[in-house]
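Open the model in your viewer and keep the selection tool at hand. The stops below say what to select and what is there.

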Amino acid sequence: MHRIASEIEIRSHFPALTRTMNDRPVAYFDGPGGTQVPREVGEAMTEYLYHHNANTHWAYPASKETDEALLAARATFADFLNAKPEEITFGANMTTLVFHLARSIGRQLEAGDEIVITDLDHHANIDPWRALEVEKGIRIKSVRFDTDTGQLDWAHLTDLLSNKVKVLAIGGASNALGTINDLKQATSLAHQVGAYVFVDAVHYAPHKLVDVQAIGCDFLACSPYKFYGPHLGVLFGKHELLEQLSVPKLLPAPNHNGERLETGTQNHEGIVGAAAAVNFLANLHPEPSLDRRLRLQLVFDTLHQRGHELISHLWDSLKNMNHVTVYGPSPEMPRTPTVSFTVDGFSSEEVTRRLSNEAIFTSHGDFYATTVVHKLGLSEEGLVRTGCACYTTQNEVDRLIEGVKHLNRIRP
Ligand SMILES: Cc1ncc(COP(=O)(O)O)c(C=O)c1O
């Protein structure tokens, strides 16, 4: 394993980790819904707001500083995704960006064209495409997944891809089950029939370093609030495609990439904070002279390995408990450190409420991966979801396991 900051050192950056409840330190397993934020991110945002706050493209210092901060943030996300700075677009969140992108791509499509989505996806990567079904007569087809293993049905995907397909919209990783999809393979299959590939990397990007060049996808979106940043969305689009796209925009607004997809005044402080989150991750590597992308790669590799060890233990312990059902791929398969389960006799909400009394914060429901929960045959109550982040410790995982064991003992 590469030497990066120790767990204790990492934790010291997160003020939220000093929170206690019922005299116990809070263990945050709610990262897949949004992670905690290191001090550096909050400080970058207040520094911007207190000392550089302005609108863009004017001839006075604070405005120039804002332009520079936004350019620096584009360069940071270019490193993060292995893209070019002009291929980066910022927006309110991933969902809003995908509605915008789908509407733009939809202008090029005709009734009878097809878009392939997947049953494994969050609805932010389903409903914006389904909107084109109603508005433009586009046909939407969805790839099945195996409910036992959480894997996409690749034969079904291959069957659905014909030359009528104009877009494949696929998730990098399932936010409900943790499955990591083979994006390179999916992109290659879709490109063979001439379709664009859009990747929802919201649950993927916090755990695997995105490489848009290696994947080969045309568009990809992620949300920095899932990887230690503020609430924001980031979209990558290949330069030449963004340039051609007929986007809904105001006439006087800048027409060059990536600003042409950014409607209205942006969340400058959020963008600055999001870049600070990427730099926080890169700086977990102790060698500042190394290139930022390389440091990110080394840090992600190490964190992924740590996460794998944590959830292997969690997975095995939950699997061995009677009356607990664990869903999704086993730890040996490509997956994120997100584990979902149900406990017989308790609603998912009840499980999370009782765990929170033990200062263990987990989330419940369908997490907008509504199709996944439906296909698993679960009620609207959905799943209990636990996710490991860079600050999660073995001790916290043990507390979580003990908490579920206790629930099992007092089962109604
Ligand atoms: C896999 C996945 N896709 C998309 C989204 C939506 O992202 P945003 O909240 O930035 O719109 C989420 C949010 O939880 C998610 O987990």
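Start with the ligand and select its surroundings: N93, M94, T95, H122, A124, N175, D200, V202, H203, S223, Y225 and K226 are near it, meaning that a heavy atom of the residue lies within 4 Å. This is a predicted model, in which local features need pLDDT of at least 70 and side-chain atom pairs count only at pLDDT 80 or more, while totals for chains, interfaces and linings use all residues. Residues are numbered from 1 along each chain as its sequence is written, and side-chain values use heavy atoms, with hydrogens and water left out.

Stay with the ligand and look at its oxygen atoms. An N or O atom in the side chain of Y225 is 2.5 Å from one oxygen atom of the ligand. For S223, a polar side-chain atom lies 2.7 Å from a ligand oxygen. M94 takes part through its backbone, with an N or O atom 2.9 Å from an oxygen atom of the ligand.

Next, colour the chain by domain. The assignment, automatic or from a database, gives domain 1 as 7–36 + 292–409 and domain 2 as 42–281. Their centres, taken over C-alpha atoms, are 26 Å apart.

Now select the boundary between the two. Here 40 residues of domain 1 are in contact with 41 residues of domain 2, contact being heavy atoms within 4.5 Å. The domains bury about 3400 Å² between them, 60% of it on carbon and sulfur atoms; buried area is the accessible area (1.4 Å probe) that two parts lose on being put together, summed over both. In domain 1, R292, R293 and F300 lose the most area to domain 2, together 22% of what that side buries.

Which side chain meets R292 in a salt bridge? Select D79: the N to O distance is 2.9 Å. Three salt bridges are counted between the domains, each a side-chain nitrogen of Lys or Arg within 4 Å of a carboxyl oxygen of Asp or Glu.

Show secondary structure on the domain 1 side. The elements giving two or more residues to the side that touches domain 2 are α11 (292–319), β12 (338–343), α13 (370–375) and β15 (383–387), where helices (H or I, at least four residues) and strands (E, at least two) are DSSP runs numbered from the N terminus. The largest share, eight residues, comes from α11.

Finish at Q151, in the loop between β6 (139–143) and α6 (154–160). The side chain of Q151 reaches the backbone oxygen of T149 at 3.3 Å. Leaving aside residues up to four places away in sequence, Q151 touches F145, D146, T179, P329 and M333.

Note on methods
A polar contact is a pair of N or O atoms within 3.5 Å; within protein, one must be able to donate a hydrogen and the other to accept it, and residues adjacent in sequence count only if both atoms are side-chain atoms.
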